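I opened the notebook to look up a few places in this structure. The entries follow in the order I made them.

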Amino acid sequence: MGFDVSQYELEDTSVLTVQNLQRDDDLLVDGKPVLITIYGPGSAQGVKALHRAGRAAQARLQLLIRGKAEKNAAEAADAERVDKLIGITANIENFPIEGGAAALYANPKLGDMADQVEAHFADKSNFSKASPKP
């Protein structure tokens, strides 16, 4: 039998159990934990979201270097973050927000959940076949 590289590849998705603000327990809605299924950095969706975010940031930087900074650069950066988070989100369970992922990630008062999604996505060990799923 030959070498099987697939056993070292990242999984396409991972499930994040969202923590409460104090980080001492799961975030519960109606007694059920809030779960967000996230596309991994090696998945087609994750790669696409990263490339899209990178291109947008690069375009903003080029404008800044040319002295043509956007008047709404902060808002544009926030919108790009929301777009990236939407792109890496496969599913949200037990958090029935009207407007779905777009409404969740665009609401700065729910920013802790967005931060948790970003941190989970950035840690490739969450998508490892060798590590236990959270």
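Is Ala74 buried or exposed? I looked up its relative accessible area, 53%, so Ala74 is exposed; buried means under 20%, exposed over 50%, and partly exposed in between, with a 1.4 Å probe and protein chains only. This is a predicted model, where local features need pLDDT of at least 70, side-chain atom pairs count only at pLDDT 80 or more, and totals for chains, interfaces and linings use all residues. Residues are numbered from 1 along each chain as its sequence is written, and side-chain values use heavy atoms, with hydrogens and water left out.

I placed Ala74 in helix α2, residues 73–88. Helices (H or I, at least four residues) and strands (E, at least two) are DSSP runs, numbered from the N terminus. From the C-alpha atom of Ala74 to that of Gly99, 25 residues apart along the chain, I noted 23 Å.

Next I checked helix α1, residues 44–65. Its 22 residues should span 32 Å at 1.5 Å a residue, and its end C-alpha atoms are 31 Å apart, which agrees; the expected span is 1.5 Å times one less than the number of residues. Gly67 follows α1 and has a positive phi, near 80°.

Arg23 has a phi of about 60°, lies in the loop between β1 and β2, and is partly exposed at 41%. Asp30 has a phi of about 55°, lies in the loop between β2 and β3, and is exposed at 76%.

Last, I found Phe3 in the segment before β1 (13–17). Phe3 is exposed, with a relative accessible area of 66%.
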